Amino acid sequence: MVCKVGKDSFGNDYIENLKQNDISTEFTYQTKDAATGTASIIVNSEGQNIIVIVAGANLLLNTQDLREAASAIGRAKVMICQLEVTPTTSLEALTMAHSNGVKTLFNPAPAIADLDPRFYTLSDVFCCNESEAEILTSLTVSSPADAGKAALVLMERGCQVVVITLGAEGCVVVSQTEPAPKHIPTNKVKAVDTTNVSAKSAGTKCALHSSTSSTWESHRAMVNVQHVLAEQMLQCQKDRKTARDAQQESGKGNRSLEASEFIVEHLP
């Protein structure tokens, strides 16, 4: 992982968490010039979320940092980028990966309407959700059929594969080799907390693209992962409720917000 955090308790905790999960921190930079990025996440009763990001140190990751990590980027099987760092930095990372024959996956989140056209041509897989697709194409995306139309617009801009995720409706996939939009449905589950499901499914896509050449196989597996994550979050929500009830009974939980209602997440 190539990222930047602040020289603060959040940043220290983040680095320690990466190490405990056997993730290399060689290119996890710390800075005194900004705090570690955070996100305030509000989840409603249907499991949908609203996220307010304070990017902090994320915006200080720069091309010089990337150049120091050039050898690691060149040896990677897949490079994943998004827009929680500056577009200039993400574009440089995609360019470095592409020039070394590394597969690239780009998630344009948070989306910007005037996205540099080079993002499309440098993305082997361009993956966004329905609201991001609407911002990028100015088309309404409220169904798999709508998503198919938006995906074709994005593919015409130079992407090799376009995936538009649709939450409970699964996703729609198109590719240069199979341009007919294909809807991949998912099993219905009760949504409790959808926070980070898209990030986890993007990570799953990267792992699968590094080990299989089948577009459909990898995206079917991604949808299955989303289903499993939703089930796991349901169990986590039950565990949170049990812990909260126990706290309230002991008189210690009255001042706390429910974890499912307001969560602060530290962004790499």
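Student: Which residue just after α6 takes a positive phi?

Tutor: That's Ser138, with a phi of about 65° just after α6. Ser138 isn't a glycine, and its place is the loop between α6 and α7.

Student: Before we go on, what sort of model is this?

Tutor: A predicted one: local features need pLDDT of at least 70 and side-chain atom pairs count only at pLDDT 80 or more, while totals for chains, interfaces and linings use all residues. Residues are numbered from 1 along each chain as its sequence is written, and side-chain values use heavy atoms, with hydrogens and water left out.

Student: Is Ser138 buried or exposed?

Tutor: Exposed, at a relative accessible area of 66%. The cut-offs, with a 1.4 Å probe and protein chains only, are under 20% for buried, over 50% for exposed, and partly exposed in between.

Student: How do I read a salt bridge, and how many does the structure hold?

Tutor: Side chains of opposite charge can pair when their charged atoms come close. The cut-off is a side-chain nitrogen of Lys or Arg within 4 Å of a carboxyl oxygen of Asp or Glu. This structure holds two. In one of them, Asp65 meets Lys4 at 2.9 Å, N to O. Asp65 is in helix α2 (residues 63-68) and Lys4 in strand β1 (residues 3-6), so the pair ties together parts 61 residues apart in sequence. Asp65 is buried at 7%, and Lys4 is buried at 10%.

Student: Which residue forms a salt bridge with Arg118?

Tutor: Asp116, with the closest N and O atoms 2.8 Å apart. Arg118 is partly exposed at 48%, and Asp116 is partly exposed at 24%.

Student: How many disulfides does a search find?

Tutor: Zero in the whole structure, where a disulfide would be a pair of cysteine sulfur atoms within 2.5 Å. Two cysteines to click on are Cys3, buried at 3%, and Cys81, buried at 6%.

Student: What about the peptide bond from Ala109 to Pro110?

Tutor: That bond is cis, with omega near -5°. Find Pro110 in the loop between β6 and α5.

Student: Which residues make a nonpolar surface patch?

Tutor: Ile42, Ile50 and Val52 make one of about 300 Å². Patch members have over 30% relative accessible area and no salt bridge; like charges are joined within 9 Å, and nonpolar side chains (Val, Leu, Ile, Met, Phe, Trp, Tyr) within 5 Å. Ile50 belongs to strand β4 (residues 49-54) and is exposed at 59% relative accessibility.

Student: Which residues does Thr89 contact beyond its sequence neighbours?

Tutor: Contact means heavy atoms within 4.5 Å. Setting aside neighbours within four places in sequence, Thr89 touches Leu61, Asn62 and Leu66. Thr89 is in helix α4 (residues 87-99) and is buried at 4%.

Student: And the chain overall?

Tutor: The protein chain has nine helices and 11 strands. Buried residues make up 41% of its 268 residues. Among contacts with a separation of 6 or more, 58% join residues 24 or more positions apart.

Conventions. Helix = DSSP H or I, 4+ residues; strand = E, 2+ residues; numbered from the N terminus. Areas by Shrake-Rupley, 256 points an atom, 1.4 Å probe, with all protein chains shown as cover.
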